[in-house]
Amino acid sequence: MSLNSESYVKMFTDMMSEGFIVIDNEGKIQIYNNKAKEIFGISYDGQINHDKGKINIGDIVIIGDNSIGQDDGKMDSDSLKSLGVKDNNIDMGDSIIVIGVFGKDGMADPVFKTLKNGHKEDVLKLKTSYLEVDIEVEIDFVNKIISIKVRDEEFTLNYINAIGHMVVLDGVTKQMKFYQSHGYTARGESINDILKGREYRAKGKNTETLDVIGKNILKYTNQIL
């Protein structure tokens with residue numbers, strides 16, 4: 001395929017209103033249009049902005065996870081200790097909402113709610129004022145949506161099987177510095193990645209997008225398949 005024909009195919013597929021992906025017989029992406037990037041969280045045009053960065057000691061961390069360990073970077077009870085959560089009854093597959101301060105044990109006790117794996121509840125919800133910040137988190141198991149509301153700003157993620165949602169507030173300004181979005185596994189931005197100090201990418205218009213050509217499709221779709 002010539003450069004001109006490649007450019008033509010890209011221009012044509014980017015005009016499509018539906019997500020369009022072509023993969024080879026090894027599952028590697030050969031064509032991936034702009035709508036597909038939007039659907040799978042590879043591009044962020046039109047979304048709330050934040051700069052690149054990483055979690056710092058004293059930051060406020062908000063997590064909504066419908067199945068611990070399944071699609072959150074293999075988060076477990078040890079991971080949660082970085083937020084001051086010390087509960088040996090939390091197991092893999094449980095659902096959890098937790099709000100805590102990262103890496104600063106004793107600054108403020110975490111608040112959290114859990115449901116055991118196999119529960120029959122429709123909703124898990126936590127609403128509180130944490131360090132003078134109004135926060136509301138809800139896991140809707142019926143409609144499969146996790147929402148995190150900080151003051152009047154809401155961040156939502158839908159899922160099919162499992163997802164780990166997360167918002168991080170700057171420990172000094174208490175303003176949002178990171179929020180989770182689809183495609184986080186491909187970006188290395190799962191909950192556990194962030195808690196381990198991995199740098200996250202910026203979001204917003206004109207930010208750099210991932211180059212997915214030649215990458216395996218399963219790496220980019222695991223949150224919503």
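Let us start with Glu132, which lies in the loop between β6 (123-130) and β7 (133-140). Please keep in mind that this is a predicted model. Glu132 has a positive phi of about 70°, although it is not a glycine. Is Glu132 buried or exposed? With 74% relative accessibility, Glu132 counts as exposed.

How many bridges join β6 and β7? The answer is eight, and the pairing is antiparallel. One of the facing pairs consists of Lys127 and its bridge partner in β7, Glu136.

From β7 we move on to β8. These two strands also pair in the antiparallel sense, here over six bridges. Val137 has Ile148 in β8 as its bridge partner. β7 and β8 form a hairpin as well, with four residues between the strands. In that hairpin, Lys144 takes a positive phi near 60°.

Lys74 is found in the loop between β3 and α3 (77-80). Lys74 is not a glycine, yet its phi is positive, at about 65°. Lys74 is exposed, and its relative accessible area is 67%.

I now turn to the sheet that contains β3. As a reminder, strands of a sheet pair through backbone hydrogen bonds, either parallel or antiparallel. In which order do the strands of this open sheet follow one another? Five strands take part, in the order β5-β4-β3-β10-β11, and the pairing is antiparallel. The edge strands are β5 (111-115) and β11, each of which pairs on one side only. From one strand to the next, the twist averages 10°.

Let us go through some of these pairings. β4 and β5 run antiparallel and are joined by five bridges. Within this pairing, Ser95 stands opposite Leu115 in β5. β3 pairs with β4, residues 95-101, over six bridges in the antiparallel sense. There, Asp65 has Ile96 in β4 as its bridge partner. β3 is also joined to β10, residues 164-169, by six bridges, and these two strands run antiparallel. Across this second pairing, Ile62 stands opposite Val167 in β10.

Why can β3 be called largely enclosed by the rest of the structure? Six of the six residues of this strand, residues 60-65, are buried, and therefore the strand is largely enclosed. Both of its faces are covered. Ile60, Ile62 and Gly64 are buried on one side, and Val61, Ile63 and Asp65 are buried on the other.

Which residues have the most contacts inside the largest nonpolar core? They are Ile62, Val150, Val167 and Leu169, in a core of 27 residues. At least two residues of this core come from each of β3, β4, β6, β7, β8 (145-150), β9 (153-158), β10 and β11. The largest share, four residues, is supplied by β7.

A second, separate core has 19 residues, among them Ile96, Phe102, Ile194 and Tyr200.

How many aromatic pairs does the model contain? The count comes to two. One of them is formed by Phe178 and Tyr200, with 4.7 Å centre to centre and 40° between the planes, which makes the pair tilted. This pair links distant parts of the chain, 22 residues apart. Phe178 belongs to strand β11, residues 176-179, whereas Tyr200 is in the loop between α5 (191-195) and α6 (218-221). Both Phe178 and Tyr200 are buried.

Finally, there is a contact between a charge and a ring. The charged end of Lys203 sits over the ring of Tyr179, at 4.6 Å from the ring centre.

Notes:
Residues are numbered from 1 along each chain as its sequence is written. This is a predicted model: local features need pLDDT of at least 70, side-chain atom pairs count only at pLDDT 80 or more; totals for chains, interfaces and linings use all residues. Side-chain values use heavy atoms; hydrogens and water are left out. Buried means under 20% relative accessible area, exposed over 50%, partly exposed in between (1.4 Å probe, protein chains only). Two strands pair if DSSP finds at least two bridges between them. Rings of Phe, Tyr and Trp (its six-membered ring) pair if their centres lie within 6.5 Å; planes under 30 degrees apart count as stacked, over 60 as edge-to-face and the rest as tilted. A charge sits over a ring if NZ of Lys or CZ of Arg is within 6 Å of the ring centre and within 35 degrees of the ring normal. Axes are lines fitted to C-alpha atoms, for helices over the stretch in contact, and angles run from 0 to 180 degrees between N-to-C directions. A nonpolar core is a set of buried Ala, Val, Leu, Ile, Met, Phe, Trp, Tyr and Cys residues joined through side-chain atoms within 4.5 Å.
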